[in-house]
Amino acid sequence: IRCSTSKQNNEHWKLMLEDYARGREFNITAWEEETVSGAKSWKNRKLSKILKSANTGDILIVGEASRIGRDSADAQDFVKEAKRIGLIIHIVQASLVLDETEQSMNNELILGMLFTIAQFERKLLSYRTKSGLKRARVEGKTLGGYRRKGVKVADMESGDNGGRSGG
């Protein structure tokens, strides 16, 4: 289970995955949770640990494709490595199973598209965030972190500290 920020909650993912596993009579033997950007490579996340400890026929259940990652090439690399060791991947919201069946080839194609969409969503979110921050700066709004009362971002960038001494 991956969340991007500590302000997000994993509980809805956990409930979804438990329901899915119960419906297929899977026994969940381990949970892996992390708070990390989906843009970070799987090699530097808990997914790497999962692959190192996985055996042929083990099952990894994820809520949606973007939980594997929001970089299409990197996420596809994870799937390739998982297949190499025989790890079976279930993507719940897309109703996809990646295993050794013929249907898996079609599922891999669909999953590739979902990874591309997740990457697009990440870029779009970044663009919207940067645009919103730029607009807020232009409007003189105070953004993030600790700021002295009454000092606006525009004042700080120009060196004006609102008539106060100190940094």
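Predicted model: local features only at pLDDT ≥ 70, side-chain atom pairs only at ≥ 80, totals over all residues.

User: In what order do the elements of the protein run from the N terminus on?

Analyst: The secondary structure comes to five helices and five strands. Read from the N terminus on, the order of these elements is β-α-β-α-β-α-β-β-α-α.

User: In which element is confidence lowest?

Analyst: The mean pLDDT of the protein is 81, and 81% of its residues reach 70 or more. Confidence is highest in strand β4 (residues 88–91), at a mean of 94. At the other end, with a mean of 51, is helix α5 (residues 153–158).

User: What span does helix α3 reach from its first C-alpha to its last?

Analyst: Helix α3 covers residues 72–85, which is 14 residues. At 1.5 Å a residue, the expected span is 20 Å. The model is close to that, with a span of 20 Å.

User: Which elements do the buried residues of α3 pack against?

Analyst: Buried means under 20% relative accessible area. In α3 the buried residues are S72, D74, A75, F78, V79, A82 and I85. These residues pack against α2, β3, β4, β5 and α4.

User: Which element supplies the largest share of the largest nonpolar core?

Analyst: The largest nonpolar core has 21 residues, and I68, F78, L87, I89 and L111 have the most contacts inside it. At least two residues of this core come from each of α2, β3, α3, β4, β5 and α4. The largest share is five residues, and the element that supplies them is α3.

User: Is S95 buried or exposed?

Analyst: Most residues other than glycine have a negative phi. S95 has a positive phi, near 55 degrees, and is found in the loop between β4 and β5. Exposed means over 50% relative accessible area. S95 has 64% relative accessibility, so it counts as exposed.

User: Where is E25 found?

Analyst: E25 is another residue that is not a glycine but has a positive phi, of about 55 degrees. Its relative accessible area is 76%, so E25 is exposed. Its place is the loop between α1 and β2.

User: How far apart are the closest N and O atoms of R22 and D19?

Analyst: Side chains of opposite charge can pair when their charged atoms come close. R22 and D19 both lie in helix α1, three residues apart, about one turn of the helix. R22 is exposed at 56% relative accessibility, while D19 is partly exposed at 47%. They form a salt bridge, and the closest N and O atoms are apart by 2.6 Å.

User: Is R67 buried or exposed?

Analyst: R67 forms a salt bridge with E64, with the closest N and O atoms 4.0 Å apart. E64 has a relative accessible area of 23%, so it is partly exposed. R67 has 12% relative accessibility, so it counts as buried.

User: Which residues are linked with K141 in a network of salt bridges?

Analyst: The count of salt bridges comes to eight. One of them joins K141 and E139, with the closest N and O atoms 3.3 Å apart. The residues linked with K141 in the network are R135 and E139.

Note on methods: Residues numbered from 1 in each chain as written. Heavy atoms only, no water. pLDDT = per-residue confidence, 0-100. Helix = DSSP H or I, 4+ residues; strand = E, 2+ residues; numbered from the N terminus. Expected span 1.5 Å × (residues − 1). Buried < 20%, exposed > 50% of the residue type's maximum accessible area, 1.4 Å probe, protein only. Contact = heavy atoms within 4.5 Å. Core = buried A, V, L, I, M, F, W, Y, C linked by side-chain atoms within 4.5 Å. Salt bridge = Lys/Arg side-chain N within 4 Å of Asp/Glu carboxyl O.
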